[in-house]
Amino acid sequence: MPEVSDEKLMQRYAKGDVTAFNELYQRHRGALYRYFFRQVSDPVVANDLYQGTWEKVIRSRNSFQNPAPFAAWLYRIAHNHLVDHFRKTRLSSTLESGELKDHRPDPSEAAIDDEQHRQLHEGILGLPEDQRSALLLKLESGLKVQEIAFATGVSHETVKSRLRYAVSKLKKSLVT
Amino acid sequence: MKHPLDENKYQPDLADELRDIGDRYGRLDKPEPPAMLDQAVLNSARRAVARKSRHPGLAWMPAFATVAVFGIAISLFYQQADDGFIAEPGVEFNGKLLPQEEQEAFSQQVEKMTEARESSATMKVETDRVQSDEAVPTTPESLRARKIGVANEASAVPSRSDFRSADTAKTAAAGNAERDSRQSQGAPPQPLSLAESVAPVAIELQDKDADATKRLAEILRLKEAGDEAWKEELEKFTRTYPDYDLPEALKTPGR
């Protein structure tokens with residue numbers, strides 16, 4: 001029996017089917033949580049952003065439209081929520097101004113097992129916010145370029161450019 | 001149909017590089033949201049749906065109830081106002097409204113009086129018609145001639161007034177008998193109708209007319225017979241009927 005699509009589940013939930021939302025939540029809970037966790041690397045902030053995003057999804061359940069994939073719609077909400085958070089904490093400008101090292105989390109707290117994982121984790125955190133967001137949407141959430149473009153509100157060419165820069169920077173950080 | 005957000009093919013080198021980074025990324029630990037957070041989100045989703053479905057389709061009820069209450073209140077107000085303006089005044093006695101039963105009895109009595117008034121009017125019309133049939137003389141001469149003629153015929157043939165008097169007397173007697181029988185049977189006394197109360201007066205007037213005619217005829221007979229007693233009878237007659245217009249034969253100075 002084929003799996004019910006995310007879009008169908010969301011439509012059923014909008015009509016009052018709570019079990020459909022449970023199914024949808026189980027499908028996306030891990031990836032969405034890690035999307036926030038890799039962005040801020042603070043479990044408390046990640047929890048707030050995660051819960052806030054799902055609250056917005058619940059409130060906006062009647063405005064979901066079928067032609068847009070649910071994942072792209074979900075991460076658009078998540079991305080906007082994250083951008084709002086960065087604006088409030090000025091973390092985004094701080095990261096882009098090269099002051100990342102002062103705010104890097106303790107590697108032991110992030111439970112990095114080996115040196116390579118630690119380098120990758122730090123490399124992701126060291127990326128500019130827009131490149132990091134595009135990369136995480138690609139690696140963690142598995143979104144396609146067009147879906148990333150929809151979620152972040154830019155053109156797909158811009159998404160490809162951000163991905164290219166992000167990969168290039170990560171390779172350099174991993175080699176060194 | 002191809003989805004508008006389908007993946008566009010990008011450069012192969014970027015895809016290879018992303019695959020390499022993706023392999024390394026996949027080996028990172030995968031933190032999960034706390035169970036408490038999961039429960040909070042699911043509860044929130046359940047509450048949102050429950051709030052909406054608690055009274056499905058009944059959102060119009062408060063507005064409808066409000067409008068209905070106002071409508072009923074306004075209609076009651078206008079109904080009471082109308083009743084106050086068009087209410088029939090109750091029957092009052094000594095400044096107090098009579099009870100409903102007495103008001104109904106009063107109304108019935110008024111109806112009976114109205115019917116009696118109408119029937120008396122009908123009787124008057126009938127009486128006028130009969131009198132016109134008799135060609136009642138309007139001038140004194142014709143009246144005298146009529147009375148003399150009637151007096152002459154009085155002893156031999158009963159006049160129509162006699163028949164009428166007899167009929168009326170019969171009717172009145174029958175009505176009295178019926179009323180007496182009703183009262184003797186214990187039935188409550190009923191008010192006399194106008195016809196019943198007028199009948200004795202008519203009988204009396206007709207009897208007087210007949211008596212005057214008879215007495216005048218007798219006086220004339222005595223005078224023609226040369227009996228002087230006619231003068232005494234004539235005086236009695238004029239005392240009894242001072243306004244009666246005497247015939248010329250009895251108006252002689254030598255009377």
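Biologist: How many salt bridges does a search of the whole structure find over all chains?
Modeller: This is a predicted model, and side-chain atom pairs count only at pLDDT 80 or more. The search covers the whole structure and takes in all chains. The number of salt bridges it finds is 18.

Biologist: How many of these salt bridges lie between chain B and chain A?
Modeller: One joins Arg29(A) to Asp38(B), with the closest N and O atoms 2.7 Å apart. Another joins Arg38(A) to Asp29(B), at 3.9 Å. The count between chain B and chain A is five.

Biologist: Which helix supplies the largest share of the side of chain B that touches chain A?
Modeller: Helix H1 (12-26) and helix H2 (35-53) of chain B each supply at least two residues of that side. The largest share is eleven residues. These come from H2(B).

Biologist: By class, how many charged residues does the side of chain B that touches chain A have?
Modeller: That side has 18 nonpolar residues and five polar ones. The number of charged residues is 13.

Biologist: What area is buried between chain B and chain A?
Modeller: In this interface, 36 residues of chain B are in contact with 48 residues of chain A. Twelve residue pairs are in polar contact between the two chains. Carbon and sulfur atoms give 63% of the buried area. The area comes to about 4,000 Å².

Biologist: Take the pair Arg38(A) and Asp29(B). Is Arg38(A) buried or exposed?
Modeller: The pair crosses between chains, from helix H2 of chain A to the loop between H1 and H2 of chain B. Asp29(B) is partly exposed, with a relative accessible area of 26%. Arg38(A) has 2% relative accessibility, and the cut-off is under 20%. Therefore Arg38(A) counts as buried.

Biologist: Why are Arg27(A) and Glu23(A) separated by about one helical turn?
Modeller: Their side chains meet in a salt bridge at 3.3 Å, N to O. Arg27(A) is partly exposed at 26% relative accessibility, and Glu23(A) is partly exposed at 35%. The separation is about one helical turn because the two are four residues apart in helix H2 (residues 18-40) of chain A.

Biologist: Which helix of chain B holds both Arg221(B) and Glu218(B)?
Modeller: The two side chains meet in a salt bridge at 2.4 Å, N to O. Arg221(B) is partly exposed at 46%, and Glu218(B) is partly exposed at 34%. They are three residues apart, about one helical turn, in helix H7 (residues 194-224).

Biologist: Which residues contact Asn47(A), leaving aside neighbours within four places in sequence?
Modeller: Asn47(A) lies in helix H3 (residues 43-59) of chain A. At 19% relative accessibility, Asn47(A) counts as buried, so it falls under the 20% cut-off. Its contacts are Tyr33(A), Pro34(B) and Leu37(B).

Biologist: What percentage of the 255 residues in chain B is buried?
Modeller: The secondary structure of chain B comes to eight helices and two strands. Chain B exposes about 18,600 Å², of which carbon and sulfur atoms supply 58%. Buried residues make up 19%.

Key
Residues numbered from 1 in each chain as written. Chains lettered and ligands numbered in written order. Predicted model: local features only at pLDDT ≥ 70, side-chain atom pairs only at ≥ 80, totals over all residues. Heavy atoms only, no water. Buried < 20%, exposed > 50% of the residue type's maximum accessible area, 1.4 Å probe, protein only. Areas by Shrake-Rupley, 256 points an atom, 1.4 Å probe, with all protein chains shown as cover. Contact = heavy atoms within 4.5 Å. Buried area = accessible area lost by both parts, 1.4 Å probe. Salt bridge = Lys/Arg side-chain N within 4 Å of Asp/Glu carboxyl O. Polar contact = N/O pair within 3.5 Å; in protein donor to acceptor, adjacent residues only side chain to side chain. Nonpolar A, V, L, I, M, F, W, Y, C, P; charged D, E, K, R; others polar.
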